[in-house]
Structures are given as C-alpha cells and as structure tokens.
Amino acid sequence: MKRMFFAVVALLTTLVGQASTTLPIQGKVIPADNPYIQYVGRICFQDPQSPRFTFPGVQINARFTGCSLKMWAKPKSGYFMAQIDKAEPFKVSFMGERDSVVTLATALPQGPHEVRLMYVVEGYELKPVFKGFVLDKDGMMLEAPALPERTIEFIGNSITCGYGNESIEMTDPFEYETENHYFTYGQMTARALGAVAHVVARSGIGVYRTYGGPKTGTPENVMTTEYEYTNLYDRSEKWDFSRYQPQLVCINLGTNDLSTNNYDVKLFQQAFYRFVSQVRGHNPKAKIVLLTGSMMNGKELEIAKKVLNEIMEDAHKNGDNEVYRFDFTPQNGDLYYGASWHPSLWQHQKMAGELTAYLRTLMHWF
C-alpha cells in the first residue's frame, strides 16, 4: 500500500516519534490548566487538567524557555501536527497503547521558543485528552502570542476533515494514518488569510442524512444535531457559542445527503434551510458562505447548486444579505485521489487557492 507522508523533521534539534514513558516524568510538568497555554477550537474543560476534544483542527499553543519540550496526552489520542518556532511542522503520534509522553524537541538553543499543535484526525472514537507539557527542570512558561483577529468557522464532512489526503491510492479505506486535517483546504485557507479557524466536521455527515443512510434521513447524528455540542457523540456539554463568534462561517455539506442515489431532495432542502437558520441564530454578525464540495458532479451537483442558490436568494429577500455562495471546481483525477476517492493533497491545495481568492475579496482581507 503506497502512502505519502508529509511529516517533515525540521532542524537537527527537533525529534519526532512515539516515546512511551511511565510516571514520574523527568522534568518540569506543566499541567493542561496552566494559564499560559492557549487553546483554539471546541474543547471541553469540565476537568481543567484533562481537556477533551474530538473535532479536527483543535489547536494547543504555548511559549516556553528551555532546551527541550515533551507533550503529555492520553494514550491512543490520535495524531497531531507540531511546529516548533518557525521550523516545518511534523506529525506526532499518540496511537500506541501506552504512549503518553512524546518528545517534540530537544537540544534547542537557549532562549524563548514557541510550540503550535493541531489535532489532525477525527477523534470521536479515540476520545483524545491533552494532559500538558514537560519542560526542562529550569524551563518556564511564557505568555502565548495573541491569536489573529480574523476568525473563521468551517463546518463540513470528510472533505473538511481531510479524509485520506495522505494516501495516493483511491481504493484505500479510511485510516487515521492517512487523514491529516492540517493539509486541508480549510486550514490552508486560514493560514493564507492570516486567520484562526474553529472546525465542526466529521466524515459521512450531512444536514438530513449521513452517507449510506435511509432516504428518510438520520436525524440522530446529522450536523443540525451535532452542531449544538462541544464534542461529537457526546451530549455531556452543550457548546457555548459566546466562546467564539466568527466573522465568517463556511458550510461545506450536502455530499453525503445526496449520496448513493437514495435521497429525498425536498427533505434535503428543508434541512439545509433549517441549518442555515440555526447557524445564523448562533452567529448573528457573521458572513455565511455556502459551498459545494469538490466530490460532487452531474445531477447531484446541480441539485446542490440549485438548493443552495435558493437558500441564498431567499435569505436576501428576507433581509439577510450576508449569505453567499461559492463552488469548488469538481475533481476529475488530474490531481490524483486520496483514499476512497477523496481529494488528494494537491486537490486540497487547489481548493484552498480558489477559496482563498474568493474570501480575500469578500472579507477585504488583503
């Protein structure tokens, strides 16, 4: 099975890998509730020293002094992308049964350093938990840099998650090893625009029907339900929308609703209307952009375009002029495919270029 991995080791001082340890941990332990640790995304802090999250794109950032840095998390939490200072980001694995502490960097020069971490897989089965960092014994935490003022929320399905984008075999099944949200159109767009992004996405989800679901719909696990909660398939905490009010919301849904030739257009349309109203209710000042994903074509693509155009037009008629439309170029294989016919890394790059150009003009983010 061929795969392409984009985990790049940058600088001779930076180490990547799985480093199983047992407590006590050597060094200064910085627990997850340290006030200098910066969090981005939907995260549950019911236990402040063990924050939980399931959506891809959650970020954990910090500045520190010292020559080394370790990360402490629950074993089998999944995969992260890490960046130390301005070095190239690299993939970090917490997939081992006993992996709890992983070395991110060693032999760093004296002085302040910065770490940026992003959770890059869908964690609703893995149930990831971040526990903190480990510094040198004389290391110190510093105030994290300010987040960008530009704010986006991406709502989507497997395309937004990054399903299979590190695979180069279209016949490959879903595997955590080949999903990397860091290299998706959404995150590449956010970085290009100098924005911070929250992500609410999972593979197979729709607004009225999951992939392969009955024609009548699957109301128990569609985005209209999941959008209200901090974590997927976890009803223990409703999301507090006051914690993050994006300037821009991009909705990329519909591919699964219109899949497998087993859909009801009327139910799809009604659910999408309700969901846009739901998003608007929680984000009264945001611009909302309705996207068509790159995996649709033919009849289903035309249905999606028609429904989304009508939603936008009706919003304008009712006085909401901040609902917009954007269509990605459908994939045709010239940029290869990822696993299960999903967009490849190169297709995501193309999508990011298209969306970045559109949003730059829409938001005047030059």
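Start by selecting Phe 154, Tyr 185, Phe 326, Phe 328 and Tyr 358: in this predicted model, these five residues make up one aromatic cluster.

Stay with rings for the next stop. The model holds 20 aromatic pairs in total. Pick Tyr 39 and Phe 45, whose ring centres lie 5.1 Å apart with planes at 75°, so the pair is edge-to-face. Phe 45 has 32% relative accessibility and therefore counts as partly exposed. Tyr 39 belongs to strand E2 (residues 38-40) and Phe 130 to strand E9, so their pairing ties together parts 91 residues apart in sequence. Are these two buried or exposed? Both Tyr 39 and Phe 130 are buried.

Phe 130 leads you on to the largest nonpolar core, which has 41 residues. Along with Leu 104, Val 115, Leu 117 and Phe 133, Phe 130 touches the most other members. Colour the strands that give two or more residues to this core, including E3 (59-65), E8 (112-119) and E9 (130-135). Strand E5 contributes the most, with five residues. Apart from this core you will find another, of 38 residues, with Ile 251, Phe 275, Met 296 and Met 312 among them.

Next, look for charges over rings. The charged end of Lys 91 sits over the ring of Tyr 79, 5.1 Å from its centre. Arg 235 places its charged end over the ring of Tyr 229, at 4.6 Å from the centre.

Finish at Lys 299, in helix H5 (residues 298-317). Beyond its neighbours within four places in sequence, Lys 299 contacts Asn 261 and Tyr 263.

Methods. Residues are numbered from 1 along each chain as its sequence is written. This is a predicted model: local features need pLDDT of at least 70, side-chain atom pairs count only at pLDDT 80 or more; totals for chains, interfaces and linings use all residues. Side-chain values use heavy atoms; hydrogens and water are left out. A nonpolar core is a set of buried Ala, Val, Leu, Ile, Met, Phe, Trp, Tyr and Cys residues joined through side-chain atoms within 4.5 Å. Buried means under 20% relative accessible area, exposed over 50%, partly exposed in between (1.4 Å probe, protein chains only). Helices (H or I, at least four residues) and strands (E, at least two) are DSSP runs, numbered from the N terminus. Contact means heavy atoms within 4.5 Å. Rings of Phe, Tyr and Trp (its six-membered ring) pair if their centres lie within 6.5 Å; planes under 30 degrees apart count as stacked, over 60 as edge-to-face and the rest as tilted. A charge sits over a ring if NZ of Lys or CZ of Arg is within 6 Å of the ring centre and within 35 degrees of the ring normal.
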